[in-house]
Amino acid sequence: SPWKPILLLLSPPAFSTTCARCAKDGRRRGKRAISERQLTRYFVDQRKVRVVGGQGGRGGHSFYSEPRKVFGGPDGGNGGDGGHVIFKADQQMKSLSSVFPFYQGFHGERGGSKNCYGANGAHVYVKVPLGTLVKEDGRVVADLTQHGEEYIAAYGGAGGKGNRFFLSNENRAPTLFTPGEPGQERVLHLELKTTAHAGLVGFPNAGKSSLLRAISRAKPAVAAYPFTTLNPHVGIVHYQDYEQVAVADIPGLIKGAHQNRGLGMAFLKHIERCRFLLYVVDLSVPQPWIQLQDLKYELEAYEEGLSERPRVVIGNKLDLAQSRINLPLLRERVAERVIALSALTGDNLEELLLHLRELYDAYVKTEQSRGQSPVRW
């Protein structure tokens, strides 16, 4: 019809460059926030790494020559050494997720004329978290526990010799030079043992993750239905005098964990580095003292004396009616100090924080008396 061209002219355009409301936003959009469920997938406590040192540069092959000095002799310099691959402990690193499966040092440069040595290859530094064990063929070759501690994982090859090196009275014009040696090649296994002052030990659904949320800024996943944490989390408790106490949420144990049942020994190793233990039991279940006995048995079966470290028993879920009935029964059957609280409502968290500081101060005094520096965050 004749009205179609008019209607097309009157129809508004797809976008406008003059209207501020319709104009396209040219600003760059920010990255999408990562959910807590996705954040838990980034924790890696084991990594297989192949490391190769840099190859040494070959020796130089040249003869010195200038006007009125034609037979100046050999002047080929040696090649540079290859770079090492070095593991370096860094307290800013919290996981092995940033460690790549392959590293190689930089190669050395070849030797030059006029007896110039080739430049050495640069070292490759790999940052790893504190508490990283380096194993080769099942044998521990390094234990990185202090900030800045280094371990040379693969040595670089030595540089080759130039023809100047082979000068002798019998051979005044040597043409021999050697190539650089290849770097050391190894396959190493990195294993992270969480370095924390306190470890929350308990069966699944005892409320460890909720308790860690209540006393620190850590955000382990929690929900209204029963499930277990799959990755350890470390939360930092801040005090007014600027002291910081690290508390690790060890994934829930089950009976037979020392026999590699359930999560098994994959996370029992994280308890080895904890200086004191916080046993978390669910006060709402029948006979909560049985949980404590089973937890101690699992720790002792994994490593003798592990359950006897400085410790305290935390009775969680005090907000439930059954928990108030079981609390005096638990205190009668347990020799350790029992702190009853509710991670959900925050009841009696002050007592736990004060006692946690007492355990930390005792640990610091013990380490200083031995002449060792305590781990600080």
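**Notes on the predicted model**

1. In this predicted model, the axes of helix 3 (residues 208-215) and helix 6 (residues 349-369) come within 11 Å and cross at roughly 80°. Since angles of 65 to 115 degrees count as roughly perpendicular, helix 3 is therefore roughly perpendicular to helix 6. The contact is formed by Leu 211, Ala 214 and Ile 215 of helix 3, which meet Leu 349, Leu 352 and Leu 353 of helix 6. By class, the residues of this contact comprise six nonpolar, no polar and no charged.

2. Helix 6 also holds His 355. With a relative accessibility of 11%, His 355 counts as buried, because the cut-off for that class is under 20%. Apart from neighbours within four places in sequence, His 355 is in contact with Val 312, Arg 337 and Ile 339.

3. The confidence of the prediction should be kept in view. The protein chain has a mean pLDDT of 81, and 80% of its residues reach 70 or more. Residues 1-17 have a pLDDT below 50, and this stretch makes three contacts in the model beyond near neighbours in sequence. For residues 20-28 the pLDDT is likewise below 50, again with three contacts beyond near neighbours in sequence. Where pLDDT is low, predicted coordinates should not be read in detail.

4. As to overall architecture, the protein chain contains six helices and 14 strands. Of its 377 residues, 44% count as buried. Among contacts with a separation of 6 or more, 72% are between residues 24 or more positions apart.

5. Which elements does helix 4 pack against through its buried residues? These residues pack against strand 9 (198-201), strand 12 (276-282), strand 13 (311-316) and helix 5 (321-333). The buried residues of helix 4 are Trp 289, Gln 291, Leu 292, Asp 294, Leu 295, Lys 296, Glu 298 and Leu 299. The geometry of helix 4 (residues 289-302) is consistent with its length: at 1.5 Å a residue its 14 residues should span 20 Å, and the end C-alpha atoms are 20 Å apart, which agrees.

6. Not counting residues up to four places away in sequence, Leu 318 touches Leu 283, Ser 323, Arg 324, Leu 327, Ala 340, Leu 341 and Ser 342.

7. Most residues other than glycine have a negative phi. Lys 317, however, has a positive phi near 65°. Asn 205, which is not a glycine, also has a positive phi, of about 65°. Asn 205 is placed in the loop between strand 9 and helix 3 and counts as partly exposed, at 33% relative accessibility.

8. A further loop position is Lys 94, between strand 2 (85-89) and strand 3 (102-104). Lys 94 counts as partly exposed, at 44% relative accessibility. The C-alpha atoms of Lys 94 and Val 128, 34 residues apart along the chain, are separated by 8.0 Å.

Note on methods: Residues are numbered from 1 along each chain as its sequence is written. This is a predicted model: local features need pLDDT of at least 70, side-chain atom pairs count only at pLDDT 80 or more; totals for chains, interfaces and linings use all residues. Side-chain values use heavy atoms; hydrogens and water are left out. pLDDT is the predictor's confidence in each residue, from 0 to 100. Contact means heavy atoms within 4.5 Å. Helices (H or I, at least four residues) and strands (E, at least two) are DSSP runs, numbered from the N terminus. The expected span of a helix is 1.5 Å times one less than its number of residues. Buried means under 20% relative accessible area, exposed over 50%, partly exposed in between (1.4 Å probe, protein chains only). Axes are lines fitted to C-alpha atoms, for helices over the stretch in contact, and angles run from 0 to 180 degrees between N-to-C directions. Angles under 35 degrees count as roughly parallel, over 145 as roughly antiparallel, 65 to 115 as roughly perpendicular and the rest as oblique. Ala, Val, Leu, Ile, Met, Phe, Trp, Tyr, Cys and Pro count as nonpolar, Asp, Glu, Lys and Arg as charged, and the others, Gly among them, as polar.
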